[in-house]
Amino acid sequence: ALEYFRDHGADSVLIAGDFADTGRIFQAKMLADAWFKVFPNDTAPDGRHVEKLFIYGNHESYPQEAEKRGSKAIWTEGRDKVWEKAFGEPFADLRVKTVKGYDFLLASWGWNVEKTSIGGGYKRLNELVRQCAKSGRTFFVVQHCHPKDTCHGPKAWGADKGYATRALTPYPNAIAFSGHSHYTL
């Protein structure tokens with residue numbers, strides 16, 4: 001898939017979480033190794049920068065499952081440390097990346113848990129949404145769970161409790177991506 005994106009001129013690749021299955025560090029490393037094999041230094045062969053728009057999903061947060069399988073767990077080691085080592089960039093649960101002038105607000109699993117969030121929380125989400133919306137351009141929000149009552153309506157399991165929907169509703173220029181249900185669009 002990464003080679004296809006590379007060969008077809010992608011400027012970025014979005015993974016809305018669950019790139020690991022049972023929260024094991026080696027699974028994050030496998031994705032990073034595949035990424036850097038196809039995009040060394042985040043660069044395509046023609047020299048263009050290709051941005052990683054990756055977030056953690058709930059499957060990266062299963063320390064018990066990882067340890068049960070005799071592996072080191074992402075959340076036990078520290079998801080920021082694992083991220084920085086695997087992907088070579090700083091990590092925060094909520095962060096913004098810009099691709100060709102378009103902002104992508106990336107919200108990893110766990111951003112909304114105030115006491116354990118790394119650079120997250122509701123106040124921070126709202127600040128970043130306002131910051132991204134300020135230009136009036138389309139902007140994108142990527143979180144693992146579905147914003148409540150959006151894709152697949154009330155039938156989608158794993159929707160958030162409405163915080164993203166409330167934060168984004170005032171902004172018709174916001175487009176949200178999610179991945180939690182594993183349903184196709």
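Relative accessible area sets the burial classes used on this tour: a residue is buried under 20%, exposed over 50% and partly exposed in between, with a 1.4 Å probe and protein chains only. The model is predicted, so local features need pLDDT of at least 70 and side-chain atom pairs count only at pLDDT 80 or more, whereas totals for chains, interfaces and linings use all residues. Residues are numbered from 1 along each chain as its sequence is written, and side-chain values use heavy atoms, with hydrogens and water left out.

Begin by selecting F177, which at 35% relative accessibility counts as partly exposed and which belongs to strand β6 (residues 174-177); helices (H or I, at least four residues) and strands (E, at least two) are DSSP runs, numbered from the N terminus.

Next show strand β2 (residues 51-54), which runs parallel to β1 and is joined to β1 by 4 bridges; strands pair if DSSP finds at least two bridges between them. The bridge partner of I15 in β2 is F54.

Now turn to the salt bridges, each a side-chain nitrogen of Lys or Arg within 4 Å of a carboxyl oxygen of Asp or Glu; by this rule the count comes to 12. Select D93 and R79, whose closest N and O atoms are 2.8 Å apart: D93 lies in the loop between α5 (79-87) and β3 (94-99) and R79 in helix α5, so the pair ties together parts that are 14 residues apart in sequence. Both D93 and R79 are buried.

Finally, select R124 in helix α6 (residues 122-133), which forms a salt bridge with E127, the closest N and O atoms being 3.3 Å apart. These two are separated by about one helical turn, because they are 3 residues apart in helix α6. R124 is partly exposed at 33%, and E127 is partly exposed at 30%.
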